[in-house]
Amino acid sequence: MVVKAAPDADTQEQILVKRIQNGEPDKFYELVKPYERRVYTAAFAILRNAADAEEVAQEAILKAFANLKQFRAESRFSTWLIQIAVNEARMRRRKEHAEIMEPIGERQEEDGTYAPREFADWREIPSEALERSEVRELLLESLASLGGKYREVFVLRDIQHLSIEEVADALGISRASVKTRLLRARLMLRDLLAPRIASGWFSRASFEKGNKPWQ
Amino acid sequence: MAVTQCEQVWEQISDYIDGELDAGLRVTLDEHIQGCPRCTSVLQGTRNVLALYGDERLFKVPTGYSWRMRRRIASDTQVRRRVVIGWLVATAAVALASASVALADRLGSAKESSKSVMARLGHVPADLEVVVTDHAKLFHIKECPFVRETDHPQAMTAAEAERQGYVPCVRCLGQYVGELAARLVNRKAFAGFLATR
């Protein structure tokens, strides 16, 4: 699902950008407000720490303001902004050597195939799943345990719903790399979540029915 | 693909979900998945992963995030304007301070120099001990949660930090970085000043 802004929203954004470029800094918050959450999420996904993510989000947005003159209307403002946030977050991560524990998948060769390990029957997710704090924590923990390069791609594509091209642009990697990393990230997350969610909290019904297709 | 292997399906599962496969390959995969519980499980699970993570309720921004963002933007994007207004405030303050000092002198009870009044009228007290870090143009108090040892904090006075172009961190120095209007009509400082006369 790719959420695309309506054309008139894009035009309005361009008008806003022009006005700011022509000396109306007061309009800047209006321009970035729709994306401030996304900027935070992108930073958080890379840094895995709320205080760092917030500071990086602020820095990224101010950097966008300082460099607004360099923004070209042919790319989308949101993509450009996320790109800045990703770069800022990566710089911060490099500086702090945040990867204390080597996350899953970092050592594996990107070109090698990733075979799923788990075949638990995980059919449906109740809509209230995310309201359960243990489910939210499990999702965040699992995401945090992925290697940085997989996490970045997954967050931009599957959480922020950027297109493959936009993810490739934002991260400065090829379209093929985006797809390879995305596949692996999705499968790894499935491996991490399926056994715990499927057998634990809310799929008992299917077990009771004796529905175990992997046997 | 005459006989489709599970491994071949797994390699394509992401493109399959994203609708990036051509029609022929899609049909081949459909046929395999229908008869293969393992691949059905992988497909279902992967779709569940996307549904769970695609929900925007998953990531919560910290309380007050928007407010702090707005403040930070306001303080940083209006620096130029503030310099002009700041100059006006300073001029007005000096004028008022000298007038008051003159008045106070006349009353024979001048307790404060116009300089200390200026410090109170400004944003952060000029002689406050602050730290700056090498990755942001911000200055903080030493205990600010945003400052860590790994940031190589460097101590200096607020005046020096401002001179070097740093701006106060809203988290730890928020009390000083009030709205422009609040500083323009810093009633407390004036009232306090006048009360000493």
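I began with helix α4 of chain B, residues 65-77, in what is a predicted model. I counted 13 residues in this helix, and its first and last C-alpha lie 18 Å apart, close to the 18 Å expected at 1.5 Å a residue.

Next I asked which residues of α4(B) are buried. I noted B:M69, B:R72 and B:I73, along with B:S75 and B:T77.

What do the buried residues of α4(B) pack against? I found partners in both chains: α2 (28-32), α3 (36-47) and α4 from chain A, and β4 (167-168) and α8 (170-173) from chain B.

I read an open sheet of four strands, ordered β3-β1-β2-β4, with mixed pairing.

I then looked up the partner of β4(B): it pairs with strand β2(B), residues 138-140, in the parallel sense, over two bridges. Here I see B:F139 opposite B:P168 of β4(B).

Last, I checked confidence in chain A. The mean pLDDT is 80, and 78% of the residues score at least 70. Helix α4 (residues 50-66) of chain A comes out highest at 94, and helix α10 (residues 204-208) of chain A lowest, at a mean of 40. Residues 201-215 of chain A fall below 50, and I noted 18 contacts for this stretch beyond near neighbours in sequence. Where pLDDT is low, the predicted coordinates should not be read in detail.

Key
Residues numbered from 1 in each chain as written. Chains lettered and ligands numbered in written order. Predicted model: local features only at pLDDT ≥ 70, side-chain atom pairs only at ≥ 80, totals over all residues. pLDDT = per-residue confidence, 0-100. Contact = placed C-beta atoms within 7 Å. Expected span 1.5 Å × (residues − 1). Buried ≥ 20, exposed ≤ 12 C-beta atoms within 10 Å, placed from the backbone. Pairing = 2+ DSSP bridges.
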